[in-house]
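Student: I'm new to this one. Can you walk me through how to read it?

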Amino acid sequence: MYLKMHLLSRQAYRGLFFSQGSIAPCLRRGRSLIRSSLCRNISFSCQRCTVMTSWIIDRYGRNDVLRFTNNMIFPIIHFPNEVIIKVHAASLNPIDVNMRNGYGAAALNMKRDPLKLKSAGSEFPLTLGRDVSGVIMECGLNVSYFKPGDEVWAAIPPWKQGTISEFVVASGNEVSHKPKSLSHIEAASLPYVGLTAWSALNQIGGLNQDNCSGKRILIFGASGGVGTFAIQLMKAWGGHVTAVCSQDASSLVKKLGADDVIDYKSGDVAEQLKRLPLFDFILDNVGGSTEKWSPDFLKKWSGATYVTLVTPFLLNMDRLGVADGMLQTGLTIGSKAVKHLCKGIHYRWAFFTPSGRSLDEIAELVDSGKIHPVIEQVFSFSEVPKAFLKLEEGRARGKTVINVINKI
Ligand SMILES: NC(=O)c1ccc[n+]([C@@H]2O[C@H](COP(=O)([O-])OP(=O)(O)OC[C@H]3O[C@@H](n4cnc5c(N)ncnc54)[C@H](OP(=O)(O)O)[C@@H]3O)[C@@H](O)[C@H]2O)c1
């Protein structure tokens, strides 16, 4: 045993002893693979255990940096709480286009495995894509909530390898059982935007199914991925929703439950909002000048809250370095929070927060018919660059999904 362990690389050792399921008996030594008899007898295609197909980037830049490879090293379980998921579908979010361009690299590198960064000399090759719906192939030894074969969904944090790939590794606590009523394509459209909206409205904003009834909620950027989810969540919890979007998205947001719709392109939004009662809550998915004037439409001194998803957090670290960037971020959020508090309102930033537990709650809302996926377009795995271009054009009406299991 001692000799065996000595021969195996550290990775191979971890892969063997931290995992249970179909791939565990495959001991990796660098890129080569020793297959056990169990492995040869199972249905999973172990011929492809060493490498897999993925879309990767080897540098930051425009869309031509996206590269298809069928030679990406197969992911391995490094910690006993991890699972390997066979990806059936993934979806894209603005962060994928931004990360392709290099956004957030300083902060994200800080969270990446320092050993891997050191041995590779950089964070590349990087796989983008945060959302996954797929099937558990392999579980770490401490994973008891899932077993191989379970259909799951998850949003993988941006410092980890992404989901535009045949397989992806996730921590068990980032994963949840997929809603039974959804196909993989439908399920892949929800985790990242759902968890972001959940973080903004529930964890940061304090809204929940018991206190939302009758509350007036204003949502900017209502027609995009986060907006279409947020409308439905607020309606499920009994809120009154005013959605701000382009005129051509008006029927979509009404169908999702919006009570009032404001077309931001047909005149001054502030003028249109003056005709409505004040709000208890604003979710800002747009940022920029909206942040300056919209908090004036909140009820003062009543606990009303403005939450924005558009923050300079990662940008500050890219521009100023990690230490100065964090300092600048702290000063900015602190001064804005105090300024708004003096006016009688709460000012907050919200971020995507990976959470299998929150996804469990979202799955219940989905299976009870209260939240529906809003999919604008589905691309096949071979069309990933086209999907990025689509996202980059903006004007999203829901989500852009990648059918990963269909390679054509
Ligand atoms: N902080 C975080 O962790 C976090 C997480 C997720 C997302 N985000 C950010 O949140 C924002 C929304 O994300 P998403 O996934 O929903 O993006 P998305 O799917 O691209 O949707 C953005 C939507 O906003 C609409 N829009 C643009 N300008 C507008 C305006 N002035 N007023 C009203 N609507 C406007 C767009 O349609 P039209 O242009 O046709 O109107 C589009 O439907 C993005 O900036 C994203 O980067 C942050």
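Student: How many helices and strands does the protein have?

Tutor: Helices (H or I, at least four residues) and strands (E, at least two) are DSSP runs, numbered from the N terminus. Here there are 16 helices and 18 strands. This is a predicted model, where local features need pLDDT of at least 70, side-chain atom pairs count only at pLDDT 80 or more, and totals for chains, interfaces and linings use all residues. Residues are numbered from 1 along each chain as its sequence is written, and side-chain values use heavy atoms, leaving out hydrogens and water.

Student: Is Ile217 buried or exposed?

Tutor: Buried means under 20% relative accessible area, exposed over 50%, partly exposed in between (1.4 Å probe, protein chains only). Ile217 counts as buried because its relative accessibility is 0%. Across the 408 residues of the protein, 54% count as buried.

Student: Where is Ile217, and what does it touch?

Tutor: Ile217 sits in strand 11, residues 216-220. A contact means heavy atoms within 4.5 Å. Leaving aside residues up to four places away in sequence, Ile217 touches several residues, including Leu207, Met234, Thr242 and Phe281. Thr242 is 25 residues from Ile217 along the chain, yet their C-alpha atoms are separated by 6.1 Å.

Student: What share of the protein's contacts links residues 24 or more positions apart?

Tutor: Among contacts with a separation of 6 or more, such pairs account for 69%.

Student: And where is Lys343?

Tutor: Lys343 lies in the loop between helix 14 (322-342) and strand 16 (346-349). Lys343 is partly exposed, because its relative accessible area is 35%.
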